[in-house]
Structure formats: C-alpha cells, structure tokens
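Please read the following points with the sequence and the model side by side.

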Amino acid sequence: MSNNSMLLGIAEDDLLNCIQCGYCLPACPTYQIEQKETATPRGRLALMKGVQDGKLEIKNLTPSIEVCLGCRACEAACPSGVNYGHILEQAKDVIASQTKYSLPVRMIRNLMLRKLLPFPQRMRFIRGGIHLYQKLGLQKIVRKTGILKIMPWQMATFESVLPEVAPMSAKLPTKVVGSTSQNKISGKKLPTIGLFTGCIQETIYHETNKNTLKLLKAAGFTVVVPDEQTCCGAIHAHAGEKEQAKELARKNIAMAERIKVDYLVNNQGGCGAMLKEYDHLLANDPDWSDRAKEFVKKVKDINEILVMLEELPRLKEIKETVTYQDSCHLLNVQGVKFQPRQMIQAIPGIVYRELEGAGSCCGSAGTYNITQYNSSMQILDEKMQKVQDTNATIIVTANPGCLLQMQIGIKRAGLTGKVRAIHIVDLLAEALADSLEL
Amino acid sequence: MLAQELRQKLIAVVGERWFMDKPEELIAYSYDATPMYQQNPDAVVLPATTEEVAEVMRIACQNRINVIPRGAATNLSGGTVPLEGGLVVGLNRLNKLLEIDQENLTATIQPGLVTADFHKAVEAVGLFYPPDPGSMKTSTLGGNIAEGAGGPRGLKYGVTKDYVIALEAVLSNGDVIRTGGKLAKDVAGYDLTKLLVGSEGTLGIITEATVRLLPLPETKQTMLAMFKSLPAAAKAVSRIIANKIIPVTLEFMDQATVNVVEDYVKIGLPTDVEAVLLLEQDGSPDQVKRDIEIMARICKEEAASEVKVANTHAEGEQLMVARRTALSALARLKPTTILEDATVPRSKIAELAEYIILTAKKYDLQICTFGHAGDGNLHPTCLTDIRNKEEIERVEKAFDEIYEKTIEFGGTITGEHGVGIAKAGYLEWKVGKEGLAVMKGIKQAFDPYGILNPGKLFVNEARPRVVVEKR
C-alpha cells in the first residue's frame, strides 16, 4: 500500500496542523447524528493522513468524505487554524478522479457540470421547461399519477417544494440606475455594483435576483448585470471537479475586469464563498493568481453592502415573528453573521427570535440532500424542532439551497400554511414602503 | 482482527451499527489529543447501556481481550490510545443527564454527557458545577472523572474529584459496583469513589456518576494585570492569597504565550510584559467588587504596568477567551505541540517558571508557559516538530530536568492531565518505589488479568533520574 504515499497531494504540514484536540466535534453536524469518530473532522483528517502514510487506501477514506456536509463549521471552531475546506476539496478531487461512476451517474454529472451549469442560456431553457410544466396543468397530472414517488433522488420531495419559476422569457435588466443620489457609505458616495446572479438562483429564484436589484436601486445604487457571467464553480469544486471550477473562475474574473465596478454583489452564501476563494483556487496559476486576489476584494454578499448604507430605503411594518438560519458558507467562510440579523431587525414590527444552533448546517449542503438524503432529513428534522421552539412564522435564509431545504422542512414538520421560508432579500423587498419598478 | 466468533458475540450485544472494525474505523480510534502516540485497536464498540458495557466486559474478560474505555479522547497523556491493541469501548452514547436533585443539590449523569452541556443544564436552574477543563465543550464527564480533570476554577472550588460523590462502574470481570451515594458523610470502608476518580480506565469503566452541585454565584468579574517582571507577578499572587482572598481563577501566561495568543485572538493584550495574570472573582456583587478592588490595588503595588478590569460580562468573557485558547493558539505555530503539566506548591511558582525559561534556553527550544498560578499548576508547552528527531531528543532532556526540579520543589509530575503513557516513566519519581508497589497491588486487585487500559500508569522501568545542575 506504500504507493499511496502522497496520493492525496495534501501538504503534510496541513495535516499535521490538526492537533487532534477535538474542539471540532461539537461543531460537526454529522458527528451529532452518526456519533462515530469517522464522522468527525478530526477523524477525517486522521484518515487522510492514514492514506498519505500508506496505512489506508483511498476507498477506506471515501465513505467518511461522502457523509461530510462541507459546511466548514469545524473551521470556525478550530483553534489551530486547519484549512479543512481546502483539504476536503483536494481529497474530493482525488476521490472523484479515481472513482468509476456508473453510466447514468456519469451522464448526469457530465450533463449538469459540463453542459448546463456553465451556460446561463441553457439554464434559462431549463427554467422555461419547468415553467411550462407548472403552468400547462402537467404538474397536476404528474402528481396524480404518483410517478415521481418511484423516481430516484427523492424527486417527489424536491418537486413538491419548487417555487413557481419564472418563464423562459424573464430576463433581468442589464442596467439599473439608483432612484436617489443622496445616500452614502461612510460619508462617501455610493460605489458602483455588478450583480452576480448565480446559475441555480437565476433558474429557480429569478424573483430574488429581481428583488435584489429593486433593493439596490431603492438604496441609490447603480447596478449592472453583466451578460457574460457564468456559474461560480462551487458545485464543481464540491463534486471534485477542480479543473472545471478553475475554468469557470477565470471566466468570471475576466468578466469582472471588463465591467469595472467597485463591488460584485451576490445573494447566495454558497456561491459568494466560492467567489471569495478564487484566490485560493488559482493560487498556483501564475497568470491568474494576482488577478484572482483583486477579484476577491470586490466580492460582497448583499447583506454586507446593505449594512454599510447610511440610510436604508423606507421600510413598512411587518408584524410577524421571524428567525434566521445561517448559510454555512456565508457564516463560516465569509464570516457574515451579524449583518443579516441586523437587516431583519431593521424592518419595523418584526419580533426577531434567534434560532438555537442557527449556525449549524440545515443538511442542504449543496447536493448533500440529494446524495445523502436520509442523513440530510435527520439533520433537517432536528433543525425544525428548534425552529418550532422560536414560534417564528417566517424562517429567513440567505442562500438558495438553504431556502429549498427549509421549505422541505416546513412540509415535513406539517407547518405548511403556518410557517413560510423566505430569502432575506425577498423579505426586505416585501417591506419596501415605496413601490418601484425596474 | 478479532476472531469471527468473538466479533459475532460483541455484535449480538451492541448491534451491527455500533460494532466497528473496518481499517478506517480502527484508525479513527487510534489516537487522542496527545501528540506522538498512535496505535490501532482491534475493534471498537459503542454500547448504549450499563448492561451492554457489562456484557462487553464479560466477553472481553473471558477471552482476555484488552479493553480501552474512551470518552471524547481529548486527554493529553495518551490515556485513550490503545497502546497494546484490544477493544475500544466508547461511552459517548451513554450521554443522558439522568437527574438534577434540587433538594440534595446533586446531579446524576451518564459518562458520555459533554461537560459544557452539563454546565448549561444545571446553570439553567440556578445551580453550578465548577470543574471546567479547557476542553469542556468537547470533553465528556466520564472522561473528566477517569482522568481527574481540573480547570481554571480549581483554586477556589476544587477539581473533579471534589465533586464526585457516587459512581457506578463495571469491573474487569463484568460485575457492576455502586460506590458512595447522595451523602455528605460516608465512611463505610475504603473510599472506592475517590479511588476510581483519576484511575484512567485502569480499574473499571465508569457508567454513571452522581456529583455535588453548588448554588450558582450571583455575579462574577474578570481582571487582567500585566507585569514587567515575573517575580513581581508571583509576589502579587502570594499577597492576594495572604490577604485572605481566594479568587475563582488566577491564571498565568508568560510573555511567549501572550504574544502568540494576541496574534491569534487580537484583543489588545500587551506583548512587552514578562507575565500576565488573569483574575476572576465570583459571589455576591458587593463581595466581588471589594475583592476585585483589593486585587487591583495589590497588583498595582507590586508594580503591575497595567491593570484592566472588565466592565461588562462580555469583556470578561473575552479576557477568559484569551486563556482558554492558549493551547490551541500555540498549536498554530509548529506542527507538534507538547503540553506538559508540572505542579508545585503555590509559593514556588515563579521559581519554576523561571527555571523553565532557562531550561528552554539551554536546550534551544521554544517553550511557552501558561497555567493556573493559584494552583501552582503550570503548562510549559513546547512547540516542535515530530519529524525532527534530534530536536525531540532535546525536548525530552529538557522536560526530564524540568520534572526533576518540580519534584525537588515538592511538586508533582501531573496536576490534571493524568499519567497515561506520557508520564508513566516519571510516576516512580513522584510516588517512590513503595508507593508504586501499593498502586500495582490495587491494580492487581481490580484487574487481575491486566486487561483494562494496559500500558498506562505503569512501565517496566522508570525513566533514569537526571542530575540537575545547580545554577
């Protein structure tokens, strides 16, 4: 087995950096449900070291890596500064390159990762398809037949919580001019902004992107929506397709350089985290590493931008009890914690209740709720218990994956009609006092 | 690997899901938080009840299989490393808080309950369980009891052993004993409760414990004092105690530690001082205010260059964060972090701290020292690299001398981390040949086949004593 040595390509120092103190254990959602050391960050690092030392084969490592959510809550808990997320991605990359996927899985990976996500135009086509399915009465017929229940990947679950998507023709304006010129950020005039729409977000939650533009416009920002943007590459990186992720990163960096804005703003915790780590992704690419560093400085989550404003747009009262579920990558990678909470509480009339364990993953975790459905639902059901303790009627999230998962959670907990889940941008847009068209 | 028949027997007890012996599972249970020790077990079981633990132990005893009890494996002495292979018995599924008895001021817990979760539960009803080891967010109460864990609050409130009043334990033959009770007084025979506390899994497996609770102090306040000279800091400590004030914590960090911690948490600690004391007092608001004032005055009189009193609870918590993250902040600097646990009478603390600095210089090592000044318990922490054999040899020589000196000062080789593997060679230095013989006799009585956590506490040969140069 000695030919496994250095097989993972992870620097020995990075693995030795873990002092095995175990501080990550209480932060790890998979340890809470599995209760085994193999399902802890400390355990996974020990197994990777085992592979590199030739004591284990890669196939021994795979199960532990597969159940990892990649939420990176362990990084926030780690006093020793282990770059778990980066190490995990490296391990996944190697596992993916050595895994012989079955033909259908290979086809779907190829279709999603190579043929669809990188192409906004094709994603709009998909949206159009879903829209027709929902509008033409097909949805009703399909649901009646129960055919979805026998489909793989719990398709029935996801289908049932899918929002009404926009038609294929729906398109964001390419430029929006601020409706006021008075607003400032720390005494200075407002910076210029480019909107990063995100591929899944624009497909399923087109309205949220529209509302983001409305909010920014109402606050006085001038925003451009560049056409040539592509998928951030997060799904590729998490699926162990690092080279493709790099290719997408280069395209987005070139796009940002062309549009010359002060900030590139997004409303997806997961995609935002990926964009902010382009410097790491391209660190060993001499032509791109400096450009990536410049790019990263420009990336901001919408919540980070809004809290900087001297004056928020006028907001009307919403009399409801609200709680907030963190997006793992917004919290643990981007370090955005107080901003969304502050924004929610800026809406008059809202009673805000902090969710116990809000920073712990909801089980959505990219495609985790598809690939590890049972674990994901176990994590989700425990989360929904805590949601009910807050008596909230609205659960706010800041990432499309979390939003979809919360919607599944509401359904599973029998709270449909009593509790709704909403993206923070949509809640703020709902509270906008002055009606505004794009 | 265990014989197929034995595997089946164990699976029949705990169920398929909670029996593990795949290669990756063995690696995941081959270590704890102690650097440089790793050994695979032959299998791992995670039982859910005392009965399951007892049945597992009976099977192990009949087959003379080694058994290594394990909590969260946060210990720093190699206590849960399966040094001679065998069966790891993880207690983390036995994690219930069975009872909080508000009339008797006790709580009864299962061993896998996480220490900080227990704190939260008792504090919610206005009660208080003082032992607070650094790893409390992860560590389990069973592990705390087996290792005799301490913590910063030890000075005023004592350590784990001062709170455990009753135990249920599975013996090496699978029998279950119950010791002590919810009793303020109990002299019925030998004190088996105290004997099991700190026995490091070598005498039995703790499956339930009853601990004393105190009323939760009304308030607490934290202060920080910086000293340009180490002896001045030590003098301040002595004078505070001599003034009949026992602070809840009295923590010490040397300059090397402060620099590293500040670099990590960035809370404005000064980096040009020889010693920092972190003091905390709890109690009624009047008492706390008075004690903090007196302690601040004494520190200033002893030429503290700066005294900071936390005005809010949040500020106080931040100062404590500095001390709590010390170990891990140090761990960022070098691949290997060797944390030691020397303890001397309080009056010798400055001399020991200075001796450590000199020894580090002599062997050209980076040693940062922090610890519980009030308890005379220091954690000299060596930042090194396990791959550098030559340096590791120097580390061992340095610590041999530090421990020789510690004992000369009337101290001990471990204050709160336990002996485990890491200190086994030094145990005779502290307890002597005769003391060691008594301990071995106790071990023999509890575990005649030597199957409980073998290779811990006792070694065939003690480390040779070193001759410490007079300086």
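1. Two residues are in contact if their C-beta atoms, placed from the backbone, lie within 7 Å. The model is predicted: local features need pLDDT of at least 70 and side-chain atom pairs count only at pLDDT 80 or more, while totals for chains, interfaces and linings use all residues. Residues are numbered from 1 along each chain as its sequence is written, and chains are lettered from A and ligands numbered from 1 in the order in which they are written.

2. Between the chains, the contact involves 25 residues of chain A and 26 residues of chain B. On the side of chain A that touches chain B, helix 1 (12–16), helix 3 (41–52) and helix 4 (58–66) of chain A each give two or more residues; helices (H or I, at least four residues) and strands (E, at least two) are DSSP runs, numbered from the N terminus. Helix 3 of chain A gives the most, with 4 residues.

3. Chain A is assigned domain 1 (2–98) and domain 2 (321–431), with bounds from an automatic or database domain assignment. Their centres, taken over C-alpha atoms, are separated by 27 Å. Domain 1 of chain A brings 13 residues to the contact and domain 2 of chain A brings 14 residues.

4. In chain B, 5 strands form an open antiparallel sheet in the order 5-6-10-8-9; two strands pair if DSSP finds at least two bridges between them. Strand 5 (97–101) and strand 9 (176–180) of chain B each have a single partner strand, so one side of each is left without a neighbour in the sheet.

5. Strand 8 (residues 164–170) and strand 10 (residues 205–212) of chain B run antiparallel and are joined by 6 bridges. B:Glu168 stands opposite B:Glu208 in strand 10 of chain B.
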